[in-house]
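Reader: I have a model open and would like to learn how to read it. Please take me from the whole chain down to single residues.

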Amino acid sequence: MSHIAFIGECMIELSGSKPDAIFGTAQLGFAGDTLNAATYMARTSRLLADGDAQNTKDVSANTASYITALGTDPYSNAMLHAWQQDGIGTDLVRQIDGALPGLYAIQTDAHGERSFSYWRAHAAAKQMLSDGHDDKIRTAFAQLDGIYLSGITLAILSESDRTKMIKLVADFADQGGKVYFDTNHRPRLWSDSKTAIAAYKAIAPLCHTVLPTFDDDAALFGDASPTDTAKRWLAAGAWEVIVKSGGDPTFYATQTGDTGSITPPVITDIVDTTSAGDSFNGAFLGAKSHGKTTQQAIVIAQQVAGRVIGRHGALVDISDLTLA
């Protein structure tokens with residue numbers, strides 16, 4: 001199985017239990033786009049291993065690790081413990097005395113669509129490459145098959161640390177490692193769209209697989225269709241592109257000319273779309289790590305994402321799913 005390190009930010013999550021309600025009972029949890037993806041890779045890998053009667057691989061080993069920075073406070077320590085219980089490696093998590101994780105709150109409407117409020121200006125994750133931690137990450141590359149990051153990973157870093165991160169990714173790709181990237185563009189995290197586009201263009205030629213959401217990329221780049229999104233990333237140097245489009249077909253394309261689309265199952269009871277794309281990405285990578293074809297991995301990823309949007313919160317139980 002592949003061992004992939006996911007790089008980014010995990011925050012404390014407050015999610016309400018009633019649609020359209022601001023105050024009242026809320027659930028305290030944690031989430032973040034790349035952490036969500038790491039979690040669903042680990043859980044999907046475990047499910048696939050459990051369901052494979054011919055499996056002889058050591059599934060006790062981590063398939064996913066997480067790279068971030070946290071504090072030494074009780075919330076940070078609880079996060080670390082939870083990740084470890086989920087089978088996610090935490091050796092590359094930097095803990096900083098006096099720092100705290102960021103926080104966000106989710107509001108959902110009657111249709112499951114969500115909006116977010118963030119408190120992350122001084123989040124520990126912004127310091128994940130500081131004080132030489134980038135060298136520790138670089139040293140660990142020899143034990144990794146892949147690294148995964150997103151537009152949010154790049155956006156929360158200072159300009160100098162963003163340059164460091166892109167250099168880290170380039171070094172890893174030069175060593176033969178596979179790079180996975182999701183644009184996951186959030187305009188308010190960037191000073192302007194020009195800066196964001198420049199960062200994405202710098203990452204593109206380093207990527208084996210890009211997993212964008214069509215709506216995000218269309219808003220930033222003006223793509224008219226998922227096919228346009230895929231063509232643009234391929235032209236920029238990515239080897240493979242998997243374009244998510246919510247309930248519409250998932251489109252895929254590669255540099256070898258292999259293209260197609262797969263329609264997801266219809267989900268009639270959508271509760272919360274938080275982590276729909278993240279869960280797809282993690283499940284896709286989990287399936288690929290078990291030798292599934294791109295088409296098979298997309299079907300599995302659609303199954304997992306379908307479960308996630310039918311539950312509240314970013315991280316939901318998928319242990320009872322029978323994955324195709």
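This is a predicted model: local features need pLDDT of at least 70, side-chain atom pairs count only at pLDDT 80 or more; totals for chains, interfaces and linings use all residues.

Reader: How many helices and strands does the protein chain have?

Author: Helices (H or I, at least four residues) and strands (E, at least two) are DSSP runs, numbered from the N terminus. The protein chain has 10 helices and 14 strands.

Reader: What radius of gyration would a compact globule of 324 residues have?

Author: The radius of gyration is taken over C-alpha atoms, and the globule rule is 2.2 Å times the number of residues to the power 0.38. For 324 residues the rule gives a value near 20 Å, and the 18 Å of the protein chain agrees with that. Along the principal axes, the C-alpha atoms fill a box of roughly 50 × 45 × 45 Å. Buried means under 20% relative accessible area, exposed over 50%, and partly exposed in between (1.4 Å probe, protein chains only). In the protein chain, 55% of the 324 residues count as buried.

Reader: At what angle do α7 and α8 pack?

Author: Axes are lines fitted to C-alpha atoms, for helices over the stretch in contact, and angles run from 0 to 180 degrees between N-to-C directions. Angles under 35 degrees count as roughly parallel, over 145 as roughly antiparallel, 65 to 115 as roughly perpendicular and the rest as oblique. Helix α7 (residues 214–221) and helix α8 (residues 226–236) pack at about 70°, with axes 10 Å apart. The two helices are therefore roughly perpendicular to each other. Contact means heavy atoms within 4.5 Å; α7 contributes Phe214, Asp217 and Phe221, and α8 contributes Pro226, Thr229, Arg232 and Trp233.

Reader: Which residues of α8 are buried, and which are exposed?

Author: An α-helix has 3.6 residues a turn, so residues three or four places apart point the same way. In α8 the buried residues are Thr229, Ala230, Trp233 and Leu234. They span an arc of only 130° around the axis, which puts them on the same side of α8; the arc is that of the directions from the helix axis to the C-beta atoms. Lys231 and Ala235, on the other side of α8, are exposed. The cover over the buried residues includes β10 (178–182), α6 (193–203) and α7. Just after α8, glycine 237 takes a positive phi of about 120°.

Reader: Which residues other than glycine have a positive phi?

Author: Aspartate 131 has a phi near 55°, and asparagine 184 one of about 40°. Aspartate 131 sits in the loop between β8 (114–119) and α3 (133–140) and is exposed, with a relative accessible area of 71%. Asparagine 184 lies in the loop between β10 and α6 and is buried, at 6%.

Reader: Is threonine 63 buried or exposed?

Author: Threonine 63 is buried, with a relative accessible area of 7%. Its place is the loop between α1 (33–51) and β4 (64–70). Leaving aside neighbours within four places in sequence, threonine 63 is in contact with residues including Met1, His3, Met41 and Ser45.

Note on methods: Residues are numbered from 1 along each chain as its sequence is written. Side-chain values use heavy atoms; hydrogens and water are left out.
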